[in-house]
Amino acid sequence: MYAKCGSLDDAGRVFKSLPNRDVICWTSIIGACVKCGQGSIALEFFRQMQLEGVEPSTVTFVCALNACSSVLALDEGMRIHVQVLSSGCISDDFVETALIDMYAKCGSIEEARRVFENMHTHDRVCWTAMIFAYAKCGQGDKALQLYFHMQLHHIEPDKVTFVGVLNACASIAALEEGRYIHLQILRNGFELDDFVRSALVDMYAKCDSIEEACRSFNIGHLCGVVCWNAMIQGFTKCGFGERALELYRQMHLQQIEPDNVTYACILNACASVAALKEGRRVHAKILQSGFKVDDFVISCLIDMYSKCGSIEEAYRAFITSRNCDCVSWTAMIGAFAIHGRGKEAIQLFNQMCQECMEVSDVTFVCIFSACSHACLVNEGHYYFECLTPIYGVSPTVEHFVCMIDLLGRVGYLLEAENMIKNMPRECNATVWSTLLAACKIHGNVEMGERIAERALKLDPDCASGYVLLSNLYAGAGMWERGDGIHRLRINRQVHKPPGCSWIEVHDHVHRFSANDGSHPQIFQVHAELKSLSAEMKKAGYLPETGGFMDALENKGKVFSCYHSERLAIAFGLISTPPGTPLHVVKNLRVCGDCHTSIKFISKIVGRVMVVRDARRFHHFENGSCSCGDYW
């Protein structure tokens with residue numbers, strides 16, 4: 001009772017007061033610790049129980065294995081597996097299922113499969129556990145194979161099985177298979193189950209089919225908080241943060257009580273469209289409700305404030321949190337990184353180490369990113385060399401991408417190329433594309449052609465390789481070659497994602513796309529841009545055509561193309577009082593011409609303009625940018 005009511009201290013007091021503690025009592029306190037998220041304490045009780053000579057039961061083993069799963073204690077789980085074998089409990093279905101779950105959550109999928117294959121009988125529970133195991137480890141294709149194999153054995157799936165196989169479809173964006181599973185769910189009558197509906201919404205959203213996600217959300221009777229969370233998260237994932245905010249408001253109108261996951265999802269939505277005022281309201285709601293905020297929500301608060309351009313409020317959320325874990329520290333380091341404050345990111349990392357906080361591979365992605373944005377080459381080299389010997393972290397592809405970006409952007413192209421060749425694991429197209437972007441910055445056509453060939457060979461369906469190479473040719477005045485690469489991309493039907501920007505004005509988020517004509521005030525926006533064009537020309541502005549697409553769109557125009565961030569800025573200028581700072585978010589990197597234009601505009605109108613692109617923040621004021629034209 002105490003455990004289910006969240007009071008582990010009271011549960012512990014009752015346990016300690018017992019004069020005779022048998023296996024049932026020990027199992028109860030171990031299970032209580034697991035329920036309250038204290039897996040390490042649960043394992044301590046499990047060890048103490050055996051020291052006192054009490055033999056574990058099958059239920060005890062299940063609880064102990066669940067504890068291992070919760071804290072990713074693989075070594076401890078393997079020791080318990082040995083005990084299970086010697087005790088003769090291995091034939092118990094619940095123990096075997098707990099073993100599969102433990103190995104999967106600890107990342108040892110082959111061990112999970114071995115347990116599954118050695119089982120005496122395979123019922124629906126163990127098939128479902130193995131499907132979840134593959135989905136959890138990112139092997140959705142194998143989970144689907146197992147699901148169809150299960151049906152060949154005439155074992156009917158239940159709603160838990162459907163949730164697992166939908167998760168598998170989501171993990172590999174298998175839209176057609178997901179639709180087929182949806183049909184089976186309809187035939188079995190599970191479409192109104194809250195967890196199944198939320199899994200359907202999540203699957204369709206992760207397969208970029210947001211309208212099908214909406215249809216699954218809207219069917220039948222009102223759904224619970226789990227389904228609302230999935231839909232809010234789906235909108236955010238698909239780039240519709242403003243719709244996520246609207247759904248959150250509807251959730252309140254229908255008196256659906258939010259939970260920690262809701263707050264995390266809506267804070268992410270606020271971050272995606274720079275809805276700072278809405279984010280502050282969500283923060284206030286969390287504080288007013290007396291909600292017990294977990295570490296993940298704290299990290300989402302830090303991320304929201306930093307991505308909405310308020311690094312000071314992000315830091316305040318960080319320092320006022322009593323028990324920040326590795327995730328929160330990493331979020332704050334990442335916040336400093338995207339704002340170009342590399343030295344502060346390194347200072348915070350050193351403080352994190354001094355306080356004996358555990359660092360993760362993601363922490364180092366943020367550190368290397370901070371070094372890259374602030375041109376801290378020596379510091380980046382130092383931390384990369386220390387990565388494994390001092391911090392015990394194996395370098396990942398993401399670490400190499402950050403280091404190659406750092407080296408490439410300062411012009412160390414050959415060193416960056418040698419780093420790729422010496423990578424301990426096979427690199428992907430992203431690694432080569434990062435170096436290709438550096439070749440474009442420095443106008444190295446010869447190396448760029450060689451790098452582009454490798455990138456496009458690894459991923460011929462990725463638009464960035466084509467765009468970077470065509471822009472490289474354009475920058476060198478090689479228009480025919482640029483046009484050839486552009487046409488090759490079109491012929492192969494490789495689509496470049498459209499540029500989108502968001503701005504929050506009067507508590508409402510407005511969305512603009514490149515050359516957009518859908519906004520109700522678009523004619524006033526264009527008029528403002530035309531007026532600015534004349535002012536900029538007087539101030540000495542000349543359009544930059546460093547990219548092939550820019551040159552193509554600019555042909556015959558005086559004031560460049562209407563990229564989405566300029567539309568958003570113009571709308572902000574006509575919709576807010578003079579002197580009001582403007583905050584804009586863009587889904588792609590800001591181009592050189594837009595960067596130059598916004599510097600001119602900030603001086604002409606006398607306003608601060610904060611633009612967050614796909615890489616970092618740009619604080620424009622009085623004709624200059626915080627990035628120092630280094631991004």
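The model is predicted, so local features are taken only where pLDDT is at least 70 and side-chain atom pairs only at pLDDT 80 or more, while totals for chains, interfaces and linings use all residues. Residues are numbered from 1 along each chain as its sequence is written, and side-chain values use heavy atoms, with hydrogens and water left out.

**Stop 1**

Select Phe15 and Trp26, whose ring centres are 5.0 Å apart and whose planes stand at 75°, so the pair is edge-to-face. For rings of Phe, Tyr and Trp (its six-membered ring), a pair requires centres within 6.5 Å, and planes under 30 degrees apart count as stacked, over 60 as edge-to-face and the rest as tilted. Phe15 belongs to helix 1 (residues 8–17) and Trp26 to helix 2 (residues 23–35), so the pair ties together parts that are eleven residues apart in sequence. Helices here are DSSP runs (H or I, at least four residues), numbered from the N terminus. Phe15 is buried at 5% relative accessibility, and Trp26 is buried at 1%, where buried means under 20% relative accessible area, exposed over 50% and partly exposed in between (1.4 Å probe, protein chains only).

**Stop 2: His81**

Not counting residues up to four places away in sequence, His81 touches Ile90, Leu99, Tyr103 and Val115, contact meaning heavy atoms within 4.5 Å.

**Stop 3: Gly178**

Select Gly178 in helix 11 (residues 175–188); its relative accessible area is 0%, so Gly178 counts as buried. Leaving aside neighbours within four places in sequence, Gly178 is in contact with Leu166, Cys169 and Met203. For a distance to display, Gly178 and Val165 are 13 residues apart in sequence and 8.4 Å apart in space, C-alpha to C-alpha.

**Stop 4: the cysteines**

How many disulfides does the structure hold? It holds zero, a disulfide being a pair of cysteine sulfur atoms within 2.5 Å. Cys300 is in no disulfide, and the nearest cysteine sulfur, that of Cys265, is 8.0 Å away; Cys300 is buried, at 4% relative accessible area. Cys326 is likewise in no disulfide, with the nearest cysteine sulfur, that of Cys366, 9.5 Å away, and Cys326 counts as buried at 15% relative accessibility.

**Stop 5: further aromatic residues**

Of aromatic pairs, the structure holds 23. Select Phe318 and Trp329, an edge-to-face pair with 5.0 Å from centre to centre and 85° between the planes. Phe318 sits in helix 19 (residues 311–319) and Trp329 in helix 20 (residues 326–338), so this pair ties together parts that are eleven residues apart in sequence. Both Phe318 and Trp329 are buried. Then select Phe349, Phe364, Phe368, Tyr382, Tyr383, Phe384, Tyr391 and Phe400, which form one aromatic cluster.

**Stop 6: two crossing helices**

Finish with helix 30 (residues 522–538) and helix 33 (residues 592–605), whose axes come within 10 Å and cross at roughly 95°. The axes are lines fitted to C-alpha atoms over the stretch in contact, with angles running from 0 to 180 degrees between N-to-C directions. Helix 30 and helix 33 are therefore roughly perpendicular to each other; angles under 35 degrees count as roughly parallel, over 145 as roughly antiparallel, 65 to 115 as roughly perpendicular and the rest as oblique. Helix 30 contributes Leu532, Glu535 and Met536 to the contact, and helix 33 contributes Ser597, Phe600, Ile601, Ile604 and Val605.
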